[in-house]
Amino acid sequence: MKDLKHLIYFENLLMDADNDLVRAAQAEGRVCVGSVCYQIPEVLMNLGNCFTVRLRAPRTGSMEMGTYYLTSFLCEYSRALLERAIEGGYQFLDCLIAPDGCTMINRCVENMELLKMNDKEHFFYKYLEVPMKADNNGLNLYVGQCRSKILEPLHEKFGVDISDEALRKSVEDHNKICRIITELGNFRKEEKPRITGYEFHIITMCTYVCPQDLLLEKLEETLEEVKNRVPDEKWPYRARVAVVGSEVDDIDMIKLIEESGAYVCADRFCFGSLPGREEIILNDEEDVLTQICRHYMMSCMCPRHMDTPKMNRRREYVDEIAKEYKADGIIYEQMKFCDPWAYERMVGSHVLRDEYGYPVLTIDRPYAVGSSGQIRTRVQAFVESIEIKKIQGGRR
């Protein structure tokens, strides 16, 4: 297929955390709120003059300083972020909000604070306690934490409007982006999709790391372009896979899988769209903040939630999206030393293989995959095994 008109534009936005749109927004005097996790509700940081950026460390090389402070037993995402912070790569932030979703990312942000990585006058760090169970007690905790650790500090430090009307406006803007991403993602269900998994991944990631309002025009143009795009007569892939697991912000990861012959039809990982880019539906009867928090708590598929209904739901969800997006197999990936996803990958891969009948490949990977020959070989072998199962009449 012909390359998307704005693909290079989107790719360039992912080359630096402090990208062109972030600089443009800050030149207008807007406040940049850094975050590191889905469990910090995006819509609460896109209020009024604020916009949020989820932190990445593009083009990561050495992580020696990050490893010195955090040890080599912490996941590479947290070490890469700390390394980039020490290099001065997050000086553009006006504040940073982190959850206690895992101790590693918490240690990372605590080190940034101890090392005084940012000296802006009103800069602040906040640490959210997020629920481990999705129930009413968890929701009450979540609402209180979001109010005291996100909304009130933004109002006190930067004068941000945190009224219900402002929250509803933020949700409305968020839903516009979600509708576009969902519509683009639905093209992946086609027999011969008119958008690649790599293209979709690039576009989706941009919505996490750029001021969304400044990205909207290019997203709308891209959606129209994809609607009228004609897929190649000969489909270049040999299998369809759903990628499931921990944080993937490396632009090379999905590209490597697709170059190995597997079309990535569904993305259930952090920085992906499932979940993350579904609309938030509000009613007029209940407090807006409570509704927003309930949405994030119930839609979250992070292994941080340890109650049995949530654990079972994570596997059911993978089964649902695999069917909906017609996946032939599932790639369960996990960043090395990510403890929550290490447990989830081990159990989830067995359940999906033994109880649901899917071919499953499990991978533990570095933060920056690059052109890893080992992963490429494993994906190629997985694709071949799926082809053999099809020939033998096994389950799609």
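Student: In which loop is the place of P275?

Tutor: This is a predicted model, in which local features need pLDDT of at least 70 and side-chain atom pairs count only at pLDDT 80 or more, while totals for chains, interfaces and linings use all residues. Residues are numbered from 1 along each chain as its sequence is written, and side-chain values use heavy atoms, with hydrogens and water left out. Helices (H or I, at least four residues) and strands (E, at least two) are DSSP runs numbered from the N terminus. On that numbering, P275 falls in the loop between β6 (262-269) and α11.

Student: What is omega for the peptide bond that joins L274 and P275?

Tutor: The bond joining L274 and P275 is a cis peptide bond. Its omega is about -5°.

Student: How are α6 and α11 oriented to each other, roughly parallel or roughly perpendicular?

Tutor: Axes are lines fitted to C-alpha atoms, for helices over the stretch in contact, and angles run from 0 to 180 degrees between N-to-C directions. Helix α6 (residues 136-158) packs with helix α11 (residues 288-299) at an angle of about 115°, and their axes are 9 Å apart. Angles under 35 degrees count as roughly parallel, over 145 as roughly antiparallel, 65 to 115 as roughly perpendicular and the rest as oblique. The two helices, α6 and α11, are therefore roughly perpendicular.

Student: How are α8 and α10 oriented to each other, roughly parallel or roughly antiparallel?

Tutor: Helix α8 (residues 197-209) and helix α10 (residues 251-259) have axes 9 Å apart and pack at an angle of about 165°. Among the residues that meet are Y198 and H201 in α8, and I254 and K255 in α10. The relation of α8 to α10 is therefore roughly antiparallel.

Student: How many disulfides does the structure hold?

Tutor: A disulfide is a pair of cysteine sulfur atoms within 2.5 Å. The sulfur of C75 is too far for a bond, because the closest cysteine sulfur, in C338, is 5.8 Å away. C270 is likewise in no disulfide, and the nearest cysteine sulfur to it, that of C302, lies 6.2 Å away. The number of disulfides is 0.

Student: Is R314 buried or exposed?

Tutor: R314 lies in helix α12 (residues 308-324). Leaving aside neighbours within four places in sequence, R314 is in contact with M301, C302, P303, H305 and E344. Buried means under 20% relative accessible area, exposed over 50%, and partly exposed in between (1.4 Å probe, protein chains only). Because its relative accessible area is 5%, R314 is buried.

Student: Is R59 buried or exposed?

Tutor: R59 sits in the loop between β2 (50-54) and α3 (64-70). Its phi is near 55°, a positive value in a residue other than glycine. With a relative accessibility of 59%, R59 counts as exposed.

Student: What is the phi of F337?

Tutor: F337 belongs to the loop between β7 (329-335) and α13 (339-354). At 37% relative accessibility, F337 counts as partly exposed. Although F337 is not a glycine, its phi is positive, at about 70°.

Definitions and conventions. Contact = heavy atoms within 4.5 Å.
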